Amino acid sequence: MRQHSRSAHEIPPCPPLIKEGWGDFLPGIYVALSVLLLLALLIGIMQGAVTLSPVTILKILFRSAGISLGPVTWQGADETILLEIRLPRVLGAALVGAALATAGVLFQGLLRNPLADPYIIGTSAGAGFAATVAILMLPPASILGFGSVALSAFVGGLLAVLLVYRLARVDGRCSPVTLLLAGVVVNAVLGYLGSLSIVLFEGSEFRLRQVFTWLMGGIAVNDPRQLLAVGPIIVVGIIVAYGCGVSLNALTVGEEGARALGVDLDREARRIVMLGAMLTGAAVSISGLIGFLGLVVPHILRLLVGSDHRRLLPASALGGAALLVLADTAARSIAAPAELPVGIFTALLGGPLFLFLLRRNGKESGWR
Amino acid sequence: MAVRPAIRLDGVHFTYPSGFGLAGIDLCIERGERVAILGPNGSGKTTLLKLMLGLLHPGQGTISFEGSDLGGMSRMAVARAIAMVPQELLLPYDLTVREVVLLGRTSYLSRYRGPADEDLEVVRAAMAAVDLLSSGGRPYNELSGGERQRVILAMALAQQPRLLLLDEPIRSLDLNHQIRMLSLIRELNVKRGLTVLSSMHDLNLSSLYFDRLVLLSSGRIVADGPPGEVIRPDTIHEVFGVSVLVARHPGLGIPWMTLAPDARDLLSTREDASEAHPYR
């Protein structure tokens, strides 16, 4: 009898999907997420003003790589659409989604706050302010395919994060709580400075629409060369982020606890902040401010793979990429040729999915 | 060569910005000792432990661990030699018992490779040591207070420390779990030779389970020695402001303390109150 009640007690009442095992690597879920991402990429390339069949897509891709799979059965325009418009756009969406989701995990873990998102320590307002000023005042110069707005946003976001980091550092120590507060304050101040510059700048009403479109976010790869700059930053960033998993796990027990477990917290915090800022800045330069995705994707994946950051980081990168590719495809297909803000679709896809998983898991969100 | 002490504090001063702190602490803990740190709330027990873990740095004086300067050791080196069991551990999001214990391996893990077989074996052994081997997959946040305390202890053991610091390990436990925890700590000390230093509140249990007591008051050490030398009516009155009677434990011969007769003041006040009660 006693034995019976004991074993009954040991079964957790409502287990999340995967909690058991040592698995740093959960083949099943990674395969599923990879397949989802590939499907999303395929749908993203097929869909649009002109629908391309998967066979045509394969043929064009192989032909551009120098391998012929039979005679050319498509129009010349299809090839241009695929290689110069669709493919860069879809790959851009995947990179941005992966970067934002990874940065979301980094900041939620570092700040130990479930409401943290990639923009929380200054990026959104820094990039937003810089982009606003650039739209209002700078000529549309271009470096490596990046316009002045994209470059300003990248630099502005990084500078704001550096400012926040400097403000949060006291006596050589950088506490995540101070970082969070400094981030909120700098975001607020820069946000109002952005509004102020709109009010003060003469003739700004003619460019307001452009400012708001940028602030709402949307994938904008105007030149495939942009991916050559943004891609490596994001891919390397995601790999380095994976290496921060051990310290992020240790941070679960608090700042002091993490130090006691052997984490050089000041160095790790600096590394994570700069990494998150680089990932977010690179994403912002080709997408403006896409909200919600970096917040909700880590939560969705936490419910699926648990809270071990060495599992959560790669899973979130894959999931974020797939979600943004799908959302972006919807945003440019549903009211084509008009383009809707992609944020609507990240919210429409991610929100219900998160709520579904949350309710499925009972009261537990993984956080407390 | 003489055996170097596990940890040694010489003339350590530490002051918080508020002015509160420790003053002139000289303390030498030999390897294999089992020591309790006692004292009223705010006497500096936790501060002392944090200094020994290198989380705080002394304003004056030196702390040496096994003969080398603690301040010169990296966080990683400290974590592999000294482990701390905090008073309580709240997780912002849930982890399984095994995942929490694995956190103890943080200082051994490489950035990109997963835990090695050796790490998993150490984790398994740590869980076995606290009798939690069958609970590895349970969510930490659903455990009882006694079980959580054992998980935290296992996490500390997974660091494979040579010095174990505990911050009031039995503070929120019931009597049964208090005894289990203290027995476990004594076992680790006796069977594995782990040097143990624990802050405690209960004087009688400290006297039962520890060989040496260090009594702190207002940031100073006022008594240091075996229970018989520390638990005396005059010292206890001086430090805690409470009159006590100290007898011998009938079975073990160690000092055993209870409130002294002039605590009747308390009882008589209560009787007066009940006499004054209108319905009696």
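1. F14(B) is buried, at a relative accessible area of 10%; buried stands for under 20% relative accessible area, exposed for over 50%, and partly exposed for what lies in between (1.4 Å probe, protein chains only). Y16(B), at 24% relative accessibility, counts as partly exposed. This is a predicted model, in which local features need pLDDT of at least 70 and side-chain atom pairs count only at pLDDT 80 or more, while totals for chains, interfaces and linings use all residues. Residues are numbered from 1 along each chain as its sequence is written, chains are lettered from A and ligands numbered from 1 in the order in which they are written, and side-chain values use heavy atoms, with hydrogens and water left out.

2. Over all chains the count is 3 aromatic pairs. Rings of Phe, Tyr and Trp (its six-membered ring) pair if their centres lie within 6.5 Å; planes under 30 degrees apart are stacked, over 60 edge-to-face, and the rest tilted. The F14(B) and Y16(B) rings are edge-to-face because their planes stand at 90°, with the centres 4.9 Å apart. F14(B) and Y16(B) form one aromatic cluster together with F20(B).

3. How many residues of chain B are in contact with chain A? The number is 39, and they touch 43 residues of chain A, contact being heavy atoms within 4.5 Å. About 3,700 Å² is buried between the two chains, and carbon and sulfur atoms give 56% of this area. Buried area here is the accessible area (1.4 Å probe) that two parts lose on being put together, summed over both.

4. There are 3 salt bridges between chain B and chain A, a salt bridge being a side-chain nitrogen of Lys or Arg within 4 Å of a carboxyl oxygen of Asp or Glu. R111(B) and E268(A) form a salt bridge through their side chains, at 2.9 Å from N to O.

5. On the side of chain B that touches chain A, the elements giving two or more residues are α2 (75-79), α3 (97-103) and α4 (117-129) of chain B. Helices (H or I, at least four residues) and strands (E, at least two) are DSSP runs, numbered from the N terminus. The largest share, 4 residues, comes from α3(B).

6. T252(A) sits in the loop between α10 (245-250) and α11 (255-260) of chain A and is buried, at 1% relative accessible area. Beyond neighbours within four places in sequence, T252(A) contacts R112(A) and, in chain B, L90(B), L91(B), P92(B), Y93(B), L95(B) and L103(B). A polar atom of the T252(A) side chain lies 2.5 Å from the backbone oxygen of N249(A).

7. D328(A) belongs to helix α14 (residues 309-333) of chain A and is buried, with a relative accessible area of 1%. Its side chain makes a polar contact with that of R89(A), at 2.7 Å. With neighbours within four places in sequence left aside, the contacts of D328(A) are R89(A), A93(A), I219(A) and V342(A).

8. D266(A), in helix α12 (residues 265-287) of chain A, counts as buried at 17% relative accessibility. Neighbours within four places in sequence aside, contacts of D266(A) include Y165(A), R173(A) and R259(A).

Methods: Polar contact = N/O pair within 3.5 Å; in protein donor to acceptor, adjacent residues only side chain to side chain.
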